[in-house]
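Student: I have not seen this structure before. Can we go through it by question and answer?

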Amino acid sequence: MSFKTFCFKKSLWLFHFGGASCNNCDIEILACLTPKYDVERFGMLLVGSIRHADVLLVNGSINIKDKPRLLEIYDQAPKPVLVVAIGACGCTGGIFAEGDTFAGPVDKIIPVDAYIPGCPPKPEAILAGVVKLIGKN
Amino acid sequence: MGAYLFYFLIYPGFLFVAVIGAFLSWFDRKITARVQFRKGPPLLQPFYDFFKLLLVKETILPARGAKGLFLASPVFTLFGATMAGVFILLPLMNITTGFHGDLIVIFYLLTIPSLSFVLGAISSGNPLAAVGGSREMKLIMSYELTFMLVLIGIIIKSGMSIDLYQVILLQQEGSPFIGSISGVLLFIVAIFCLQAKLALVPFDMPEAETEISGGIFIEYSGTPFAMIRLSKHILLFVLPAFVIAILMNGFVLEGIHILWAIGKLIAVVLLLTLIRNTNPRVKIRQAMRFFFVWMNLIAIIAIVLAIFGL
C-alpha cells in the first residue's frame with residue numbers, strides 16, 4: 001500500500017446525505033459517533049461541508065426530487081470520494097422499490113463502493129462495513 | 001544568512017512549530033474524546049489528515065468566486081502563523097535577535113491569520129462563508145482591543161520594555177508575572193483571547209459546523225485546506241507559548257527544566273481544551289459584549305493594579 005493510500009484510509013471524513021429516509025438509519029449512523037462505538041478511533045470525523053468529505057454516506061430511498069440533489073452533492077465532492085449506501089432503501093430501494101416516485105437505488109445514480117444492508121443496520125453492521133471499506137483496495 | 005534560513009524554516013521556525021502543533025492538536029482531540037468517554041484518535045492522526053488533504057484530495061475552485069484571492073489567503077495565513085511562531089520562539093529558546101520592539105510585531109503578525117480567513121471566506125462567493133466571514137470580523141474587532149490591553153499590562157509590569165527577550169529575562173531573574181494579582185487577572189483575560197483567536201468552542205461561531213456547516217472554510221478542499229489546518233496547528237502551539245512567555249516565566253531548556261517547560265505548555269493547552277469541552281457556543285452579540293464589557297474591564301483593573309505595582 002502506498003503512502004498516499006495509507007494516509008487516505010487512515011483519515012476518512014464522513015458526510016451524511018439522507019434521502020427520503022424514515023430517520024432510522026440516520027440515528028444508527030449517529031450512534032456510530034457516540035462513545036459506545038466511536039469511529040474517531042479510525043480517524044473518521046463527521047464534517048459539515050461536502051468539500052471536506054472523503055466518504056459520502058447515503059441512506060433512505062432516493063426519489064425523483066432527491067436524485068438531482070444527490071448528483072449535485074456527488075459532483076461537489078473533491079475526488080477521490082467513496083460512496084456507502086446504508087440501509088435497505090439505499091442498497092435496493094426496500095419497500096419503496098416499486099413506488100411511482102422512486103428514482104432507482106443509489107448505485108444506479110452514482111458509483112457505490114460499499115453496501116450496508118439492514119432496516120436499519122445495527123451500528124455493529126455499519127462498523128463492519130467501514131472495516132471492509134478500509135480493507136478494500 | 002544560512003543561520004537565519006535555519007531559524008525560519010527548521011528549528012524554532014516552520015518545521016518545529018508545525019510538528020509540535022500537530023501533536024498538540026492530537027492532544028486536544030484526545031482530551032476531547034476522553035471528556036466524552038470515547039477512545040479518541042491515534043497519535044499520528046493530524047499527520048494522516050494533513051498528508052491526505054495535501055497529496056490525495058482534489059482542489060476545487062469556486063466558479064463564482066475570486067480564485068486568486070481564494071488561493072492566496074491560505075498562503076497568507078500560513079505565512080502569518082509561521083512568522084509569529086519564529087518571533088515568539090526565538091526569545092523563548094534563548095536566541096536573542098537584537099531586535100527591540102517585537103511585542104508589537106507579534107501582535108500584528110498574530111492578526112494576519114484571522115484576517116486572511118476573512119479574505120478567503122469572502123472571496124469564495126458562498127453565502128454561508130460570507131456569514132462566517134462577517135462573524136470572524138466582528139470577533140476580531142472584539143478581542144483585538146482586549147489582547148492589546150493584555151500586552152499593555154505586560155509592558156507596564158516589565159517596566160516599559162517592548163522586547164520579548166527582556167520580558168522573559170526579567171521574569172526569570174525575578175518572579176513570574178502570574179504570581180501577582182494583576183498577573184492572574186491578565187492570565188484569565190489572555191486565556192479567553194486565545195480561545196477566540198483559535199476559534200475554539202465558546203467563540204467558534206465563524207466555523208460553527210452544526211449551524212453554517214464549516215462557515216469560513218466551507219469551500220476549501222485539498223491543498224489550501226491542508227494549509228489552513230497546518231496554520232491552525234501552528235497557532236495551537238504558538239499562542240499558548242506566547243502566553244507562557246509573557247506571563248509564566250518562558251522556557252528554560254536545560255536538564256530537568258525541559259520537563260517543566262513541557263508541563264507548562266500542556267497545562268495551558270489542557271485549560272483551553274477543557275473550556276472548549278464544557279461550554280456551549282455563544283451568539284456573536286454575547287461574545288462581543290463579553291469582550292467589550294467584561295474582559296476589557298478586568299484588563300483595565302489589572303493595568304491599574306500593575307501601575308501600583310501589585
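Student: How many residues of chain A are in contact with chain B, and with how many of its residues?

Tutor: This is a predicted model, where local features need pLDDT of at least 70, side-chain atom pairs count only at pLDDT 80 or more, and totals for chains, interfaces and linings use all residues. Residues are numbered from 1 along each chain as its sequence is written, while chains are lettered from A and ligands numbered from 1 in the order in which they are written. Two residues are in contact if their C-beta atoms, placed from the backbone, lie within 7 Å. On that basis, the residues of chain A in contact number 17, and those of chain B number 27.

Student: By class, what does the side of chain A that touches chain B have?

Tutor: Ala, Val, Leu, Ile, Met, Phe, Trp, Tyr, Cys and Pro count as nonpolar, Asp, Glu, Lys and Arg as charged, and the others, Gly among them, as polar. That side of chain A has five nonpolar, five polar and seven charged residues.

Student: How many helices and strands are there in chain B?

Tutor: Both are DSSP runs, numbered from the N terminus: helices are H or I with at least four residues, strands E with at least two. Chain B has zero strands, and its helices number 12.

Student: Why is chain B called as compact as a globular protein of its length?

Tutor: The radius of gyration is taken over C-alpha atoms, and the globule rule is 2.2 Å times the number of residues to the power 0.38. For 310 residues the rule gives 19 Å, and chain B is as compact as a globular protein of that length because its own radius of gyration is close to that, at 19 Å.

Student: Which residues of α11(B) does α10(B) meet?

Tutor: The helix α11 covers residues 257-277 of chain B. From α10(B), the residues involved are Pro240(B), Ala241(B), Val243(B) and Ile244(B). In α11(B) they meet Lys264(B), Leu265(B), Val268(B) and Val269(B).

Student: By class, what does this contact of α10(B) with α11(B) have?

Tutor: No polar residues take part. The contact has one charged residue and seven nonpolar ones.

Conventions
Axes fitted to C-alpha atoms, helices over the stretch in contact; angles between N-to-C directions.
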